[in-house]
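Notebook open, model loaded. I wanted a quick look at one strand residue, the core and the chain contact.

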Amino acid sequence: MEQPERFDEEDLTVNGVYRLKLFIAGASPNSTRAVNNIKNICETYLKDNYELEIIDIHQQPLTAQHEQIIALPLLVKSSPSPLRRMIGDMSDTKKVLTGLGFHKDQM
Amino acid sequence: MGFHHHMSTDKRNIKAKKSITALPKTPTGIKGLDEITEGGLPTGRPTLLCGDAGCGKTLMSVEFIMRGATEFNEPGVFMAFEEKAEELADNVASLGFDLRKLQDEKKIRVDHVHIDRSEIEETGEYDLEGLFVRLGYAIDSIGAKRVVLDTIENLFSGLDNQAVLRAEVRRLFHFLKDKGVTAIITGERGAGRLTRQGLEEYVSDCVILLDHRIINQISTRRLRVVKYRGTVHGTNEYPFLINRNGISVLPITTLKLNTEASTERVSSGIPALDGMLGGKGFYKGSSVLVSGTAGTGKTSIAAYFAAAACERKEKCLYFAFEESPAQICRNIRSIGIDLQQYVDNGRLKFHASRPTIYGLEMHLVIMHDLIREFKPDVVVLDPITNLITIGSVSEVKSMLIRMIDFLQEQEITVMFTALSLNTIINDQTDEGISSLVDAWLLVRDIEFNGERNRGMYIMKSRGMRHSNQVREFVITDKGIDLVDVYLGPGGVLTGSAREAQQIEEKTGAALRDHAVSRKDREILRKRSVLEAKISSLQSEFESAEEELNKIYLEEELKKQITEKTREEITRRRRGNS
């Protein structure tokens, strides 16, 4: 529960906007797929209502420790709360949507 | 083709063998472990350290990192998968290291890996690249030579895809080898396997197993090298101890029997006893057993020995298993030795403990530890027989072998005292132990004439001429002395009987003197009588000889006359014809 709080504080001002961070490892197949998949999902379900940041931890190795990153790709949803962490190439759209807080009838 | 193929495999085998013999090692700095492994862990390779929860694997790996950073100039990365930051800091502090300082100096880097399963949703294919990036960065940022992963198996409970995890763990071991770091990977013991996740499959070089057992309500920690490629290693279980200085493994040292034998002698502290031992005392670095029945003064002999060492300005470590140091000092003061002064000037150190607080091996480890710390010249164990209450005779024997080996290696002279009861079983104990020691003094009660006295003799003393006499062993307020005993018709005489014998011998001497002079006169008389007889016989013989000569001459004369007569007759006959 150390890191999440920082996100929450920031998000108090921005209401309703999905703040997403996708951590990837260079151009690995999993990373490439994850980038494509999450972009599709965002465009389909969160159009104009999201901020997606893509971070290559090969470029920022210290982030890996700070963000407690082990498995990659990793998607962190910091807003709206609750904070959720999802790993994988985001190919399971249902699970991604569940993680983003969608209910079954919204999918 | 086939031929060529064989050639190349042969070459490869030879190459492999060469690299095995040349396998470099990295010292852990952990007491005893480097001796068991003959140098440490395989350099640049991962070692698996496994055992049940609470067996000490985290502490051992922490010590590996800390000693590397402080003693071997090898920076280290500690990646913790389970411990909280504070717990790790406590662990480090308990070993007397300052984690923050070492981190600031970039000698150590700690990374806590936190995986909370409830936070993570798995949405497809993934790998553990994040872990590799973290580890790689940590290693490179301080130029780490050592790495600990404690314990990587926790990943398996945090993530679902076991196939991915296995592949990634395999990749991780390769990664560590590529980085050239000497690594410890810890793993928790699983049912029927060394680790829950079978990590031993991935580590081919070195596997060490820790164990924490409770036998007879006494806890014992043990270490075993399960596997060590290309290295001769003991497969025994080695007991180890966790104390304020970290981990201390007790190696079963040099059963090689190649220790140097000193010809230097050390005094027993009792001049008369030194006299019995060829005039000089024990050999330096030898082991001495003093055994005897209750109250025969074994502790007194040990105290004299200890005091003599302190007087020589040597250091003595005294393990008391029966009496408290205060009791020993008081009792020994009553026979004229003040041990307290040596305690005060730091030459004598007591370590008193009840045998039953620890297991036998823990005692041994503790003794080792204290000896290594205090570096004594002389060690006393008083009495070893109390240890038998916590172990079998054979266990005690094997413990003592190890103790003696260890002490011999350091050229420390050791004196054991042992209580022998008048039972057959304990006689065996004596003998079992006595075959291990270099010298064996036996103190016996001698009950005679309504008194109980002490007799001492040297059962054996290897490599020196020694007295075979039984001496009476006298303890007075002035100290210990040994007095010659007397052998009488009823056996050995001691105490007042000996004194009586001494008086008797004095009066006897006067009587004997008188008897001797009387006998001398008698002999003179006999001599003159005999001489007279001899001269009369002589004259008798001479007359007999004369007689014989006379007869002989007469015979001769007769013969001549007869001859002449015969010639006369013959001549006359011729003349006549």
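Before starting I noted how elements are named: helices (H or I, at least four residues) and strands (E, at least two) are DSSP runs, numbered from the N terminus. This is a predicted model, where local features need pLDDT of at least 70, side-chain atom pairs count only at pLDDT 80 or more, and totals for chains, interfaces and linings use all residues. Residues are numbered from 1 along each chain as its sequence is written, and chains are lettered from A and ligands numbered from 1 in the order in which they are written.

**Entry 1: B:Ile208**

I found B:Ile208 in strand S9 (residues 206-215) of chain B. Is B:Ile208 buried or exposed? I call it buried because 25 other C-beta atoms lie within 10 Å. The cut-offs I used: 20 or more such atoms within 10 Å is buried, 12 or fewer is exposed, and in between is partly exposed, with C-beta atoms placed from the backbone.

Next I looked up its contacts (C-beta atoms, placed from the backbone, within 7 Å). Skipping neighbours within four places in sequence, B:Ile208 touches B:Thr47, B:Leu49, B:Leu223, B:Val225 and B:Val226. I also checked B:Ile184, 24 residues away along the chain: its C-alpha atom is 9.8 Å from that of B:Ile208.

**Entry 2: chain B overall**

I counted 16 helices and 25 strands in chain B. Of its 577 residues, 40% are buried. Taking contacts in chain B between residues at least 6 apart in sequence, I get 70% that join residues at least 24 apart.

**Entry 3: the core**

A nonpolar core here is a set of buried Ala, Val, Leu, Ile, Met, Phe, Trp, Tyr and Cys residues joined through C-beta atoms within 7 Å. The largest one has 161 residues, and B:Phe305, B:Ala306, B:Leu339 and B:Val380 touch the most other members. Helix H10 (residues 298-311) of chain B gives the largest share, 10 residues. I followed up B:Leu339: beyond four places in sequence, its contacts include B:Ala303, B:Ala306 and B:Ile332.

**Entry 4: where A meets B**

How many residues does each chain bring to the contact? I get 28 from chain A and 21 from chain B. On the chain A side, helix H3 (61-66), strand S4 (84-87) and helix H4 (93-100) are the elements giving two or more residues.

Last, I looked at strand pairing (at least two DSSP bridges between two strands). S4(A) pairs with strand S6 (residues 120-122) of chain B in the parallel sense, over 3 bridges. In S6(B), B:Ile120 is the bridge partner of A:Arg85.

Definitions and conventions:
Contact = placed C-beta atoms within 7 Å.
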